Amino acid sequence: MQEDQYEEIYEKVRTALQDLPEELQGELHLLEALDASRKLELTEGHYLFKECDRFLDEAQANRFFPAGRAIFLNEAKTFVVWVNEEDHLRIISMQDGADIAQVYQRFITALETLGNQIPFQRDERLGYLTFCPTNLGTAIRASVHIRLPKLGSDKTRLEEAAATHKLQIRGVHGEHTDTDDGVLDVSNKRRLGLTEIEAVKEMVDGVKALIELEKELEAGGGEVTEEAAAAEE
């Protein structure tokens, strides 16, 4: 993309965001207009993307940075839109607690509203098109931040459990980051070949299994009983 294309996308998104329902209304900020302290506050709160990721830099996704890059945040801080960070749009619904249905419904409302003005690229075979190939298909990543200190300290067991339940484990600051105090970012690993609801359910069921495994580790002093291990398979 050229610099004027980044700016053109920003303008299209700015216009589309004005039609959001009241619950989702908020403010759109160009990245270059935010001061350093505000950027740090938003980044540490998991609202803002990190600047100039080296992997994105290698993939030439940081060209003309920060032209056209922006963040939209509603007043309740439960709805976020990243503009031109990696994909043209990254649409995020989030909140504290475990009410996944409420998070998902807010997400759908936002997508339907924005989709009325902004067409999303969809391929008949590959599904929705994204900058990162691992997001092709539904393009949806459902995740929770959860504290699992016992499981988090046993990388081998954690990786085995994640593979069994088709989960991806990251640090809370995103891809290629380490865990922090046993807090993990757990999400569905598959985006392709399943529906959006199935992707969300895969994450929910997998997280429930990780919680049960963590309880077994706590109760057994780090050892998983044969019955518990079988239940996880």
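Mentor: We will go through ring pairs, then charges over rings. This is a predicted model, where local features need pLDDT of at least 70, side-chain atom pairs count only at pLDDT 80 or more, and totals for chains, interfaces and linings use all residues. Residues are numbered from 1 along each chain as its sequence is written, and side-chain values use heavy atoms, with hydrogens and water left out.

Trainee: How many aromatic pairs does a search of the whole structure find?
Mentor: Rings of Phe, Tyr and Trp (its six-membered ring) pair if their centres lie within 6.5 Å; planes under 30 degrees apart are stacked, over 60 edge-to-face, the rest tilted. The search finds 3. In one of them, Phe-72 and Phe-79 have ring centres 5.9 Å apart and planes at 70 degrees, so this pair is edge-to-face.

Trainee: Is Phe-72 buried or exposed?
Mentor: Buried means under 20% relative accessible area, exposed over 50%, partly exposed in between (1.4 Å probe, protein chains only). Phe-72 is buried at 3%, and Phe-79 is buried at 0%.

Trainee: What angle lies between the planes of Tyr-104 and Phe-107?
Mentor: The angle is 35 degrees, with 6.5 Å centre to centre, and the pair is tilted. Tyr-104 is buried at 19%, as is Phe-107 at 16%.

Trainee: Which residue lies over the face of Tyr-6?
Mentor: A charge sits over a ring if NZ of Lys or CZ of Arg is within 6 Å of the ring centre and within 35 degrees of the ring normal. Here Arg-69 lies over Tyr-6, 4.0 Å from the ring centre. The charged end of Arg-122 sits over Tyr-128, 5.5 Å from the centre of that ring.
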